[in-house]
Amino acid sequence: MADKKIMLACAAGMSTSLLVTKMKEAAKAGGKDYEIFAKSTADIDNELSSSEKPDVLLLGPQVSFMKKEVKAKTDAAGIPMDVINMMDYGMMKGDKVLAAAEALL
């Protein structure tokens, strides 16, 4: 089982899949055993209520307008969250986004 579970949420869960791949590569290069996955924002409630909740949740910049609503949910679940830096997202800097997730842990 992975040491940490990092969830990325975007509009459909698709645009983030390449970033997930880059983050997994960065984690592996750093010798870290993380489960990193992307879901649609519609799946946030299900993930937060599951028995294996994520340790941290990152929102894609395209859904940053949902930050206040999602933060209320993650605060209630005791899970840190933030919005992915738009430049790091656009340039698919998996190492930078991974570092941002780790900083929240």
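The buried residues of helix 1 pack against strand 1, strand 2, helix 4 and helix 5, where contact means heavy atoms within 4.5 Å and buried means under 20% relative accessible area, with exposed being over 50% and partly exposed in between (1.4 Å probe, protein chains only). Helices (H or I, at least four residues) and strands (E, at least two) are DSSP runs that are numbered from the N terminus. The structure is a predicted model, in which local features need pLDDT of at least 70 and side-chain atom pairs count only at pLDDT 80 or more, whereas totals for chains, interfaces and linings use all residues. Residues are numbered from 1 along each chain as its sequence is written, and side-chain values use heavy atoms, with hydrogens and water left out.

The residues of helix 1 that are buried are Leu19, Val20, Met23 and Ala27. They lie on the same side of helix 1, because they cover an arc of only 100° around the axis, the arc being that of the directions from the helix axis to the C-beta atoms. On the face turned away from this buried side, helix 1 carries the exposed residues Lys28 and Ala29. The 13 residues of helix 1 (residues 17-29) should span 18 Å at 1.5 Å a residue, and this agrees with the end C-alpha atoms, which are 18 Å apart; the expected span is 1.5 Å times one less than the number of residues in the helix. After helix 1 comes Gly31, which has a positive phi, near 70°.

Strand 1 (residues 4-10) is mostly covered, as six of its seven residues are buried. Strand 1 runs parallel to strand 2 (residues 34-40), and seven bridges join the two; strands are taken to pair if DSSP finds at least two bridges between them. Within this pairing, Leu8 has Ala38 of strand 2 as its bridge partner. Strand 1 also pairs with strand 3 (residues 56-59), again in the parallel sense, over four bridges, and here Leu57 of strand 3 is the bridge partner of Met7.

Side chains of opposite charge can pair when their charged atoms come close. The structure holds six salt bridges, a salt bridge being a side-chain nitrogen of Lys or Arg within 4 Å of a carboxyl oxygen of Asp or Glu. In one of them, the side chains of Lys39 and Glu47 meet at 3.7 Å, N to O; Lys39 counts as partly exposed at 28% relative accessibility, whereas Glu47, at 13%, counts as buried. Asp82 forms a salt bridge with Lys67, with the closest N and O atoms 3.2 Å apart. This pair links distant parts of the chain, since Asp82 is in strand 4 (residues 81-83) and Lys67 is in helix 3 (residues 67-77), 15 residues apart. Another salt bridge, at 3.0 Å from N to O, joins the side chains of Lys71 and Asp75, which both lie in helix 3, four residues apart, about one turn of the helix. Asp45, Glu69 and Lys73 are linked in a network of salt bridges.

Most residues other than glycine have a negative phi, and most peptide bonds are trans. Met92, although not a glycine, has a positive phi of about 55°. Met92 is found in the loop between helix 4 (86-90) and helix 5 (94-104), and it counts as buried, with a relative accessible area of 19%.
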